Amino acid sequence: MIRLEHVSKRFEAGGQTVEAVKDVSLHIEKGSIAGIIGFSGAGKSTLARCVNLLERPTEGRVIVGGSELTALSGRQLREKRKKIGMIFQHFNLFASRTVYGNVAYPLRGSGRSKKEIEDKVKPLLELVGLSDKADAYPSQLSGGQKQRVAIARALASDPEVLLSDEATSALDPETTQSILRLLKEVNRALGVTILIITHEMQVIKEICSQVYVMEGGRIVEQGDVFQVFAVPRQAVTRRFVDSTSHLSRIQELLDDPARPIKLNPGDYLFRLNYLERSTSEALISNISRRFELDVNILLGSIELIDGNPLGGLVVVAGGGHDKIAAAAEYLSKRNVQVEVISHG
Ligand SMILES: Nc1ncnc2c1ncn2[C@@H]1O[C@H](COP(=O)(O)OP(=O)(O)O)[C@@H](O)[C@H]1O
Ligand SMILES: [Mg+2]
């Protein structure tokens with residue numbers, strides 16, 4: 001549905017050249033939800049704006065729904081762009097129009113009668129759960145409600161693609177969840193392909209199946225969400241993983257003289273990381289029974305991505321070197337990475 005081929009975007013500003021996007025190629029399947037994650041300044045918004053040609057790439061080709069946008073004339077492009085909806089962090093609603101007026105806005109001049117517009121707008125308001133707010137003005141709505149209006153408005157022209165640029169970044173965690181659920185529903189019910197731009201790991205984990213990690217204008221890592229975050233290859237990806245896991249705190253705990261972690265002779269401090277999709281097996285109780293180990297969990301951070309555990313544990317295991325080595329081998333065979341942090 002979205003194909004970018006060697007897209008670059010340079011800005012000339014005050015005699016300086018900023019290369020915001022560098023040689024990005026990507027391919028997003030029709031009907032999927034894909035994410036681009038990166039820290040501020042990585043080039044995400046510029047890349048998103050290249051998808052609908054709000055920014056014309058300096059180099060490369062943009063192909064959406066089979067049409068090469070970079071080859072279209074102004075008028076053809078304006079037509080095609082209607083098939084690409086966009087939502088933003090700050091909602092960008094018209095303050096002087098009601099909720100109904102905002103959602104109906106893209107249908108102006110489409111030759112539809114008042115009744116036809118109503119038949120279009122009402123179900124959209126229902127989809128986003130705002131039927132009772134049709135006559136309200138944006139200033140009378142909460143942030144989450146404003147974003148719902150923006151989503152309904154973006155859907156009014158029956159887009160094939162919805163671009164979401166930090167759409168939940170101004171919202172509290174609970175409202176974020178509800179907006180993400182709505183986007184999932186939009187994807188499921190209408191088949192709209194969604195590209196989520198975010199700096200929040202949680203957002204990607206929640207709804208994306210594919211992820212692209214962006215840094216310094218480039219895509220530095222990409223793939224299936226589980227795979228990318230289970231085995232991060234780039235430092236930037238590791239930082240995102242650590243942002244929603246507290247397993248990395250173990251070093252702090254070890255360095256804290258006020259709360260020493262006592263390891264008896266023969267005890268091992270391990271970090272266990274889930275590397276592959278695995279059915280949840282009672283790994284800890286298995287190793288403690290099979291190898292007669294004492295296992296104490298110090299930290300744990302496990303989430304389910306597509307029903308598969310992602311994350312890991314920090315544990316202290318005691319029972320002697322040989323048994324521990326055998327247990328480590330058992331875990332490795334089950335695709336759990338075993339990392340020795342220290343031993344007594
Ligand atoms: N219109 C512009 N003119 C000049 N520089 C720009 C423009 N838009 C973005 N940039 C620069 O491009 C880089 C990437 O910005 P942006 O795409 O907004 O990143 P992100 O959305 O990941 O925070 C930044 O260095 C930013 O200052
Ligand atoms: Mg941005």
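In the protein chain, 68% of the contacts between residues at least 6 apart in sequence join residues at least 24 apart; two residues are in contact if their C-beta atoms, placed from the backbone, lie within 7 Å. The model is a predicted one, in which local features need pLDDT of at least 70 and side-chain atom pairs count only at pLDDT 80 or more, while totals for chains, interfaces and linings use all residues. Residues are numbered from 1 along each chain as its sequence is written, and chains are lettered from A and ligands numbered from 1 in the order in which they are written.

The C-alpha trace of the protein chain spans about 80 × 50 × 35 Å along its principal axes. The chain holds 12 helices and 14 strands, taken as DSSP runs numbered from the N terminus (helices: H or I, at least four residues; strands: E, at least two). Of its 344 residues, 37% count as buried. A residue is buried if 20 or more other C-beta atoms lie within 10 Å of its own, exposed if 12 or fewer, and partly exposed in between, with C-beta atoms placed from the backbone.

The domain assignment, whose bounds come from an automatic or database source, gives domain 1 (2-236) and domain 2 (249-343). The C-alpha centres of domain 1 and domain 2 lie 40 Å apart. Six residues from domain 1 and eight residues from domain 2 take part in the contact. On the side of domain 1 that touches domain 2, helix α8 (residues 225-230) provides the largest share, four residues. By class, this side has five nonpolar, no polar and one charged residues. Here Ala, Val, Leu, Ile, Met, Phe, Trp, Tyr, Cys and Pro count as nonpolar, Asp, Glu, Lys and Arg as charged, and the others, Gly among them, as polar.

An open sheet is formed by six strands in the order β6-β7-β8-β3-β9-β10, with mixed pairing; two strands pair if DSSP finds at least two bridges between them. Strands β6 and β10 (218-224) are the edges, each pairing on one side only. On average, neighbouring strands of this sheet are turned by 15° against each other, direction ignored. Five bridges join β6 and β7 in the parallel sense, and Met86 stands opposite Leu163 in β7. Helix α9 (residues 235-243) packs on the sheet, where it touches β3 (33-37), β9 (210-215) and β10, and its direction makes about 115° with that of β9. For such angles, axes are lines fitted to C-alpha atoms, for helices over the stretch in contact, and values run from 0 to 180 degrees between N-to-C directions.

Asn92 has a positive phi of about 50° although it is not a glycine, and lies in the loop between β6 (84-88) and α3 (99-104). With 13 other C-beta atoms within 10 Å, Asn92 is partly exposed. Glu166, in the loop between β7 (161-165) and α6 (173-190), has a positive phi near 55°. Glu166 is buried, because 20 other C-beta atoms lie within 10 Å.
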